[in-house]
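Here is a set of questions and answers on a predicted model, to be read beside its sequence and coordinates. Where the reasoning needs a cut-off, it is given in the answer.

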Amino acid sequence: MLTRPDQWSPIILEVCQTLEKAEIRYHADASSSLYVHGFAFNMDDFDVTVEWGKIDQALALFEHCNPSPISGTNPRQFTFRLYGCLVDIMSYESKTGIGPDDERTQVMFAGYRVWSKVPAFYLSRMRKDHPIRAQAHQFFTDE
């Protein structure tokens, strides 16, 4: 389900604030990292990566949203709907599960600081046929 860009703010803030209150390190990932940095587009889901070893705790935080069971190995992940929109929470097996500090940053989003992968991380890894690739590169080049 695609949503209007302005529908994502309460979802993103609720997910990020819930993880922060539980002291779970996280970041917006994939194209969602571009979104929280100001590149508005119609996302089909909000991608979040949490630190390794915390995905079971994250699942419990969103139990009220009837999440899917955790699946996969690398990443381990689960999904749920919040306000009708899809959220995908994953964790990669590594020292931290969220990557080195220089790949992450805090950014102001809807009046609140949220953690995100730096835009260059995803921009350099976008598949060539990604539907927002050209516009995203232009947006972050002009910034």
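Q: Over the ring of which residue does the charged end of Lys117 sit?
A: A charge counts as sitting over a ring if NZ of Lys or CZ of Arg is within 6 Å of the ring centre and within 35 degrees of the ring normal. The charged end of Lys117 is 4.1 Å from the centre of the ring in question, which belongs to Phe121.

Q: Over the face of which residue does Arg104 lie?
A: The cut-off for the distance to the ring centre is within 6 Å. In this predicted model, Arg104 is at 4.4 Å from the ring centre, over the face of Trp115.

Q: Why is the pair of Tyr35 and Phe41 edge-to-face, and what is the angle between their planes?
A: The count of aromatic pairs comes to 8. For Tyr35 and Phe41 the ring centres are 6.0 Å apart, and pairing asks for centres within 6.5 Å. Planes over 60 degrees apart count as edge-to-face, so the pair is given that class by its angle of 75°.

Q: Which class does the pair of Phe39 and Phe41 have?
A: The centres of the rings of Phe39 and Phe41 lie 5.5 Å apart. Because planes under 30 degrees apart count as stacked and those over 60 as edge-to-face, the angle of 35° between these two planes makes the pair tilted.

Q: Is Phe39 buried or exposed?
A: Phe39 belongs to one aromatic cluster with Tyr35, Phe41, Phe109, Phe139 and Phe140. Buried means under 20% relative accessible area, and since the relative accessibility of Phe39 is 8%, this residue counts as buried.

Q: What is the relative accessible area of Ser32, and with which residues is Ser32 in contact beyond its neighbours within four places in sequence?
A: Ser32 has its place in helix 2, residues 31-36. Its relative accessible area is 0%, so Ser32 is buried. Leaving aside neighbours within four places in sequence, its contacts are Met43, Asp45, Phe46 and Asp47.

Q: What distance separates the C-alpha atoms of Asp88 and Asp29?
A: Asp88 has its place in strand 4, residues 85-91, and is buried because its relative accessible area is 11%. Beyond neighbours within four places in sequence, Asp88 is in contact with residues including Asp45, Phe46 and Asp47. Asp29 is 59 residues from Asp88 along the chain, and their C-alpha atoms are separated by 9.8 Å.

Technical notes. Residues numbered from 1 in each chain as written. Predicted model: local features only at pLDDT ≥ 70, side-chain atom pairs only at ≥ 80, totals over all residues. Heavy atoms only, no water. Helix = DSSP H or I, 4+ residues; strand = E, 2+ residues; numbered from the N terminus. Buried < 20%, exposed > 50% of the residue type's maximum accessible area, 1.4 Å probe, protein only. Contact = heavy atoms within 4.5 Å.
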